[in-house]
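Biologist: Could you put the model up so that we can go through it together?
Modeller: Of course, here it is.

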Amino acid sequence: MSLIGIIDHKFGNTKSVLNLINYLNVNYKLCKSYKDLNDCSHIILPGIGSFNETMTNLDKLHFIDSLEQNVIEKKKFFLGICVGFQILFSKGLEFGETKGLNWIEGICEKFNSKKKIILPHCGWNKIISYKKIEILKNISSTDEYFYFLHSYMIKFFDDSTDIKFAYTKYGQKFISAVEKNNIFGVQFHPEKSQQNGISVLKAFCSL
Amino acid sequence: MSLKIRLIPVLLYKDGFIVKSQKFNFYQTVGNPFEQVQRYNKWNLDELIYLNISNNKIIFSTDNNKITGSTSSGKKYIPKKIDVINFVKKLSSKCFMPLTYGGGINNINTARQILKNGADKISINSYAFKNKKFISECARYFGSQSIIVSIDCKKINKDYYVYINDGKTNTNVKVCDWAAEAERMGAGEILLNSIDKDGAMSGFDIRLCQMVRKVLKIPLIVCGGAANSDDFEYVIKKSNPHSVAAANIFQFKENSYQVIKKELKKRKLNFR
């Protein structure tokens, strides 16, 4: 029996993700303590806030070691959303350099402001090359749009043997979704992306 | 590739009901405040703006108050007041799209609670005009992307002036001046409403949209006057806004949102 754990590290906005999980009618648990993760089969890390703030809070609440144990050692399914996706990478440059979880190599940096784009990148944009990612494979090619809201991103680079990337274009190509074994991450907000978003979270919860 | 233009329905809440508005002074009751949101949630919307336009900004719980007709006159019920935070919590519980809430927000704490309970952006209007630093304060705490400054305006002779207090008070400030200042103070988006065009179904005020678009770098949402797909197409081609919004036309016809969206996409406009 699956139990979906949603990490609540106080500063992130967990409410919207919780609303959607509730709607999907699956068993879930709001994880306020790192110990809660041990009971769950799936872990979701929602994200609003900065890279730095998120890592600091997770560290303060002892979530980092617990995540290593549950996701890396026990191989539980993990989904990071927005900043929760960004911290999967090596480091972030928002409000100074901060170390990430370093489960995937890469740097989270600001969009190149020399390109003529408005920041934050806020609105509906298209995901490309996503069919290989398990939780995105049901998205129809007639509607490949998701809701984004962020100013920092991870530059797109090619897939490696065990890592699959989807990307999106906004002035430059950046990574909009990733799958590495049991680890998933999305830069967009599935909880705000209407039918497509519901489909992604549903797919994740049924893994 | 640029972002998609957003087609945004606006829901107007007044004294317990969703209303249809004309020129900011004639209101017609059209529905229950929660049912409308749930209905819209099935429409695959780009975004939803929900504004409380009640005189005193008090919110009434309308749980057992379903209405079917187009008027509430003669209807008797005892309204129960509920606070804005619980109201937003309830609104957002089945709303899986970007949600903006506005109406009577005049302190950081309320703004924070609204954003924590499922809204993605707040819309501020009169209070921001009277206390311009409130915009920068909100932007500092929550980021500009969560702050929409909503501007109501009216044409007098050849100029457009900003009106506050639900369109009742003329500030004698020109709309472009205030829009540019709101951007400088940290607004993330401007929602531009034309009082003259409100409920008129005669198309957008193109000159107004063009003028304001020219002074802004941040995204502009234009509202007021849309009756059909042609009106949206015309304002997009003429003034290039980031989003187009309307209230009344999405109220009466079932599936009107999808029909208009489909038509706009067919005309090769940059919609989702």
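Biologist: How do β3 and β4 of chain A pair?
Modeller: Strand β3 (residues 42-45) and strand β4 (residues 77-81) of chain A pair in the parallel sense over four bridges, where strands are DSSP runs of E with at least two residues, numbered from the N terminus, and two strands pair if DSSP finds at least two bridges between them. This is a predicted model, in which local features need pLDDT of at least 70 and side-chain atom pairs count only at pLDDT 80 or more, while totals for chains, interfaces and linings use all residues. Residues are numbered from 1 along each chain as its sequence is written, and chains are lettered from A and ligands numbered from 1 in the order in which they are written.

Biologist: And which residue is the bridge partner of A:His42?
Modeller: The bridge partner of A:His42 in β4(A) is A:Phe77.

Biologist: What sheet do these strands belong to, and in what order?
Modeller: In chain A, seven strands form an open sheet with mixed pairing, in the order β2-β1-β3-β4-β13-β12-β11.

Biologist: Which strands stand at the edges?
Modeller: Those are β2 (28-31) and β11 (163-170) of chain A, and because each has a single partner strand, one side of each is left without a neighbour in the sheet.

Biologist: Switching topic, how many residues of chain B are in contact with chain A?
Modeller: There are 21 residues of chain B in contact with 23 residues of chain A, contact being C-beta atoms, placed from the backbone, that lie within 7 Å.

Biologist: What does B:Ile190 touch?
Modeller: Leaving out residues up to four places away in sequence, B:Ile190 touches several residues, including B:Val149, B:Ile151 and B:Leu220.

Key
Contact = placed C-beta atoms within 7 Å.
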